[in-house]
Amino acid sequence: MQVSKEQVQEYNQHLLKEHQRKFEFISSGLINVEDILKKLVKFQVAIPSWALGSGGTRFGRFSIGGEPRNLEEKIEDIGLLHALNRSSGAISLHIPWDIPSSASNIKTLAAQNDLRFDAMNSNTFQDQPGQELSYKFGSMQHVDKAVRQQAIDHNVEVIKYGIELGSSSLTVWLSDGSNFPGQLNFRKAFQNTLESLKEVYAALPNDWKIFVEYKAFEPNFYSMTVGDWGQSLLYATKLGDKAFTLVDLGHHLPNANIEQIVSLLLMEKKLGGFHFNDSKYGDDDLTVGSIRPYQLFLIFNELIEGMDARGMDHAADLAWMIDASHNIKDPLEDLLQSVEAIMIAYAQALLIDRKKLSEVQNSNDVVAAQEILQTAFRTDVRSLVAEARLRNKGAIDPLFVYRNEKIREHLIKERGAKTVATGL
Ligand code: RM4
Ligand code: MN
Ligand code: MN
């Protein structure tokens, strides 16, 4: 299923006048609108290969129908998103959920869809059919060296797949930890994990990065061996220059100040990547911006501030990815909404008058600081984001095209109502 540039342009024609009215209104009040648009045009968010089907909970799963049956169809789905919003130009693969049968064919297909390969993800949190040793009591932390070796070998294999596809980073998220006090010697678990990660690190090509993703709880409920940004930073620092911390928005304890974490990791040159989602309680994996859009904006504020302070390229120097699970929405619609929420928060944060903010911070003018932030946050930037899409030859309103083209209905006809995509 594809949407052609011509189809997209046809829809745009209908919406153009109204769009221009809104865009002129916002741009007339901004001095740096071209600058902002350039940044929005460049910004790309990777889509994970495991989020294109219905997710579920341990209580049940409700299929959406037309889910991609293989990696080729997943690439098609992301190609479709990218054709609509022009901001989803990368795919992140999870191994072994998405092992490419032929790397060169997959590479060609991705290129046809204008997609590149973002970070590769390993999986030592599930046992696979036929796997020799179990990860029930952890993988890289395991008391048995043979289990640790199996986890190391898997990660090295994931790097190999990544090299074939032209990826240049590996994200390691470990579910390792313990469910009960006394189950684990924390120090030994840390040391085993570090030793294992060192072996994976040694297998990284020179131009690769490794991201150590942390998570406060789940699936282990008493301790997690990479449980917070402090632990992740310890591993990343001990590993070396190619190792970074990865922040997943849903992986914190309630009310954590994620924007402050981001700021300090950037300062330490140790922030490597980002997984976007939203949550009310924990790792809820909800649509980005659906619960706490102000927090998302504050995070982007720190990201821009910290990246600019180091002269970093917003689009290229960090790995941006959505990491969500869709239990009741059409995953493709959900992903369109998520990308839109990210672009909105990014655009709002680009509006912040940084010179003024720094001045009022230096004079302890707390009220003015809040005014500056909230003026930006309360600006309706949707037409700015739409203008960036338009200049990129995308749709003014991606969701409108998606629904009017009845894409899900087509996918169900093409692939069947009972297909189940690999992933969450
Ligand atoms: C984890 C974590 C990882 C993702 C898996 C599927 O909670 O967020 O990034 O790879 O889920
Ligand atoms: Mn994640
Ligand atoms: Mn997660």
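In this predicted model, the second largest pocket is lined by 26 residues, and those that lie nearest its centre are Glu-340, Arg-382, Arg-389, Ile-396 and Asp-397. The volume of the second largest pocket is about 560 Å³. Several helices contribute to this lining: α1 (5-28), α2 (33-42), α10, α13 (382-391) and α14 (398-404) each supply at least two residues.

The largest pocket has a volume of about 1,000 Å³. Its lining consists of 32 residues, and Lys-215, Glu-218, Asp-283, Asp-285 and Leu-424 lie nearest the centre. Here the division is nine nonpolar, 14 polar and nine charged residues.

The next topic is a metal site. Which residues coordinate the manganese ion (ligand 2)? The donors come from Glu-213 (OE), Asp-248 (OD), His-275 (ND1) and Asp-323 (OD), at 2.1 to 2.2 Å. Along the chain, these donors follow the spacing E-x34-D-x26-H-x47-D. The site of the manganese ion (ligand 2) is octahedral, with angles of 72 to 166 degrees among its six donor atoms. For comparison, ideal angles for six octahedral donors are 90 or 180 degrees. The manganese ion (ligand 2) lies 4.0 Å from the manganese ion (ligand 3).

Rolling a probe the size of a water molecule over the atoms shows where empty space is left. The model has two cavities of 30 Å³ or more. The second largest cavity holds about 30 Å³ of space. Among the residues of its lining are Asp-118, Phe-211, Leu-246 and His-275; His-275 also coordinates the manganese ion (ligand 2). The strands β3 (116-121), β9 (271-276) and β10 (319-322) each supply at least two residues to this lining, and β10 gives the most, with three. The lining of the second largest cavity comprises seven nonpolar, two polar and one charged residue.

The largest cavity holds about 40 Å³ of space. Its lining includes Leu-249, Asn-277, Asp-278, Arg-292 and Ile-299, and it divides into four nonpolar, three polar and two charged residues.

Note on methods
Residues numbered from 1 in each chain as written. Chains lettered and ligands numbered in written order. Predicted model: local features only at pLDDT ≥ 70, side-chain atom pairs only at ≥ 80, totals over all residues. Heavy atoms only, no water. 1 Å grid on protein atoms, 1.4 Å probe; cavity = no way out; pocket = protein on both sides within 12 Å on 5 of 7 lines; lining within 4 Å. Points joined across faces, edges and corners; volume = space filled by probe spheres on them. Nonpolar A, V, L, I, M, F, W, Y, C, P; charged D, E, K, R; others polar. Helix = DSSP H or I, 4+ residues; strand = E, 2+ residues; numbered from the N terminus. Donors = N, O, S within 2.8 Å, 3.2 Å for Na, K, Ca; no water. Tetrahedral: all angles 85-135°; square planar, octahedral: opposite > 155°, others 65-115°.
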